[in-house]
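Have the structure open and click along.

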Amino acid sequence: MSAPVPAAAADEIARLVARIGMQPDLVRALAVRAAAVADALLWHSAGATAFRDQVHADAVRLRGAADSLDAAADVLRRYASGLPR
Amino acid sequence: MSGDVGVSGGLDVVRAAPDAIRLAGAVLGRTATEIDDVRATCSSAYWALWTVASLDPGAVAITPAQDALDSAVRILIDVVADLRVIVRRVQVAARLYEAVDAFGGGLFAHLGRALGAGWHAIEPAWQGLAKLPAAVAAGAAVGLGAGSPVEAWDAFSTSDPQLLDTVLDGAALGLLASPTWLPLLRGVDDLLQAYFADGRPVVTAAGTDTAVPATLPPRSLADLIDGAEWRDAHEEDTAGATKGGEIDIKFLHHPDGTRSVIVDIPGTKDWSPRGTDPDVTGWASNLRAIQGAPTTYERGVLDAMQRAGVRPDDHVLLVGHSLGGMVAVETARDAARSGRFRVTNVVTAGSPVGHTVGAVPSSVQVLALENAEDLVPNLDGRANPATRNVLTVTADVPEHDLGHAHHLDDAYESVAEAAEHSGDPSVDYYLANAEEFLDADSVQTQRYVITRH
């Protein structure tokens with residue numbers, strides 16, 4: 001049986017949930033922006049293809065980071081819901 | 001120049017708007033900064049969770065949240081770093097495009113004036129060729145951080161000339177694997193070869209060179225380069241109607257009565273856009289020699305050797321700079337095939353012989369000297385084969401621009417000295433093999449002028 005979590009800690013968890021919960025959409029928006037910049041650019045060459053491939057790969061990685069942040073926020077929400085108020 | 005469409009490589013393979021590239025770089029830079037802000041927020045949340053967990057020993061339930069945050073932060077760190085590299089590269093690419101555009105545009109205008117109406121016949125081909133470096137720049141955009149476009153281009157071309165080999169080989173970006181690229185190059189090359197006609201050689205004896213440098217038998221590799229430089233620097237005085245085409249044939253006499261022969265073959269002197277050019281050191285020879293095709297220059301060298309009285313059993317060393325090195329390799333190959341002369345050694349300096357030197361028979365020892373900062377040896381887009389009879393020595397002789405990095409006296413005498421003092425067993429073996437060209441008692445230098453008719 002764990003010790004009761006102080007109210008201050010519960011408040012901190014609530015703040016963290018709010019703070020982390022805002023990030024995934026922001027990260028996804030930045031990924032979309034980066035990919036759009038690469039796609040819209042007037043640049044056609046082998047170097048341009050490599051450039052777009054790199055930016056798109058980074059956009060994919062950003063979406064992966066956003067998913068991780070969603071997962072973190074979800075875990076914290078569930079944890080917070082079980083805390084005494 | 002216009003900022004809208006800066007560069008287009010032949011058949012629209014390469015199109016770029018430097019200003020737009022620069023703007024995209026700026027937007028991606030801001031994006032990286034915003035991602036880094038997210039990273040900072042997530043990092044602080046991660047450490048706040050540690051604090052919370054320390055207050056609740058049973059808070060194992062939040063461990064997955066910590067792991068997920070940690071994973072996200074690591075990804076964000078990597079992406080920020082990656083984007084910042086990309087931003088730096090595209091900024092350099094924009095500068096290179098502008099530099100190449102200015103470079104190609106200048107040549108374009110110059111040739112247009114020189115050729116007049118005939119220009120229209122080769123204009124499409126030239127547009128493709130002149131912008132070829134743009135594709136290279138695009139593919140190999142490197143983080144040089146140079147200031148002006150000219151500085152960027154100079155820095156690019158002198159800091160890592162091997163990039164040309166890499167890019168043209170397609171190893172980095174598969175440039176040549178592109179189905180549209182090879183036909184473009186072949187088409188350009190065919191058109192240019194058709195325009196810059198080769199012909200037949202006319203060899204004229206220009207007498208014996210009695211100047212002191214031409215009467216001193218060489219004692220070292222650097223002396224061989226010095227001898228080639230002497231002819232290269234002084235042929236304009238005697239060549240008459242053409243700037244180039246004068247070669248040396250040196251008879252070395254040994255104490256035991258035997259003799260050896262050195263032939264000095266200078267490089268390009270004439271970049272005239274004339275389609276029919278009497279100077280054998282111009283476009284027509286360069287376009288053919290880089291692919292290993294026979295040239296009037298090479299045939300002239302063989303004819304001059306015959307005129308000078310070189311015998312089939314004389315041991316011959318060919319020394320060539322730039323185009324002269326390409327011609328030397330082809331002369332050695334063809335002399336061996338025909339049995340006309342016995343070429344035993346070749347020394348090239350700053351010559352793009354990657355495509356051709358592999359065809360030289362094993363009876364000929366080739367030493368290719370390359371300055372690491374010289375672009376020219378890489379123009380063929382292929383590294384020299386490393387075989388028992390082909391030895392390539394590369395030394396880094398810093399020069400502030402491409403021209404000096406290619407000069408015999410500025411760069412290649414130093415490369416020769418570096419090679420000679422390297423202590424490398426392969427170099428020592430080569431020099432031992434070439435000893436008969438370095439220990440003569442006396443030398444007689446005969447000059448011949450080769451022109452195209």
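A salt bridge here is a side-chain nitrogen of Lys or Arg within 4 Å of a carboxyl oxygen of Asp or Glu. This is a predicted model, so local features need pLDDT of at least 70 and side-chain atom pairs count only at pLDDT 80 or more, while totals for chains, interfaces and linings use all residues. As for bookkeeping, residues are numbered from 1 along each chain as its sequence is written, chains are lettered from A in the order in which they are written, and side-chain values use heavy atoms, with hydrogens and water left out.

**Where the chains meet**

Between chain B and chain A the count is three salt bridges. Which elements of chain B supply at least two residues each to the side that touches chain A? They are β2 (14–16), α1 (18–55), α2 (63–115) and α4 (132–139); helices (H or I, at least four residues) and strands (E, at least two) are DSSP runs, numbered from the N terminus. Helix α1(B) gives the largest share, 18 residues. Sorted by class, this side of chain B has 36 nonpolar, six polar and eight charged residues. For that sorting, Ala, Val, Leu, Ile, Met, Phe, Trp, Tyr, Cys and Pro count as nonpolar, Asp, Glu, Lys and Arg as charged, and the others, Gly among them, as polar.

In total, 50 residues of chain B are in contact (heavy atoms within 4.5 Å) with 39 residues of chain A. The two chains bury about 3,700 Å² between them, 76% of it on carbon and sulfur atoms. That buried area is the accessible area (1.4 Å probe) that two parts lose on being put together, summed over both.

**Salt bridges within the chains**

Over all chains, a search of the whole structure finds 26 salt bridges. Here are some that stay within one chain:

| Pair | N to O distance |
|---|---|
| A:Arg28 and A:Asp67 | 2.8 Å |
| B:Asp19 and B:Arg22 | 3.5 Å |
| B:Asp70 and B:Arg74 | 3.0 Å |

Take the pair A:Arg28 and A:Asp67, joined by a salt bridge. A:Arg28 sits in helix α1 (residues 7–40) of chain A and A:Asp67 in helix α2 (residues 46–81) of chain A, so the pair ties together parts 39 residues apart in sequence. Both ends are partly exposed: A:Arg28 has a relative accessible area of 25%, and A:Asp67 comes in at 46%. The cut-offs are under 20% relative accessible area for buried, over 50% for exposed, and partly exposed in between (1.4 Å probe, protein chains only).

B:Asp19 and B:Arg22 both lie in helix α1 of chain B, three residues apart, or about one turn of the helix. B:Asp70 and B:Arg74 both lie in helix α2 of chain B, four residues apart, again about one turn. B:Asp70 is partly exposed at 25%, whereas B:Arg74 is exposed at 54%. Elsewhere, salt bridges that share partners join B:Asp209, B:Arg231, B:Glu246, B:Asp248 and B:Arg447 into one network.

**The nonpolar cores**

Which residues touch the most other members of the largest nonpolar core? In this core of 60 residues, they are A:Ile13, A:Phe51, A:Leu76 and B:Leu69. A nonpolar core is a set of buried Ala, Val, Leu, Ile, Met, Phe, Trp, Tyr and Cys residues joined through side-chain atoms within 4.5 Å. Helices α1 and α2 of chain A, together with α1 and α2 of chain B, are the elements that give two or more residues to this core. A:Phe51 touches residues of both chains, including A:Trp43, B:Leu28 and B:Ile86. Apart from this core lies another, of 36 residues, among them B:Val263, B:Val316, B:Val357 and B:Val364.

Chain B has 15 helices and ten strands, and buried residues make up 55% of its 453 residues.

Now find B:Asn384, in the loop between β8 (365–371) and β9 (390–395) of chain B. Is B:Asn384 buried or exposed? With 13% relative accessibility, B:Asn384 counts as buried. Its side chain makes a polar contact of 3.0 Å with the side chain of B:Thr392. Such a contact is a pair of N or O atoms within 3.5 Å; within protein, one must be able to donate a hydrogen and the other to accept it, and residues adjacent in sequence count only if both atoms are side-chain atoms. A polar atom of the B:Asn384 side chain also lies 3.3 Å from the backbone nitrogen of B:Gly354. Leaving out residues up to four places away in sequence, B:Asn384 touches B:Val353, B:Gly354, B:Ala368, B:Glu370 and B:Thr392.
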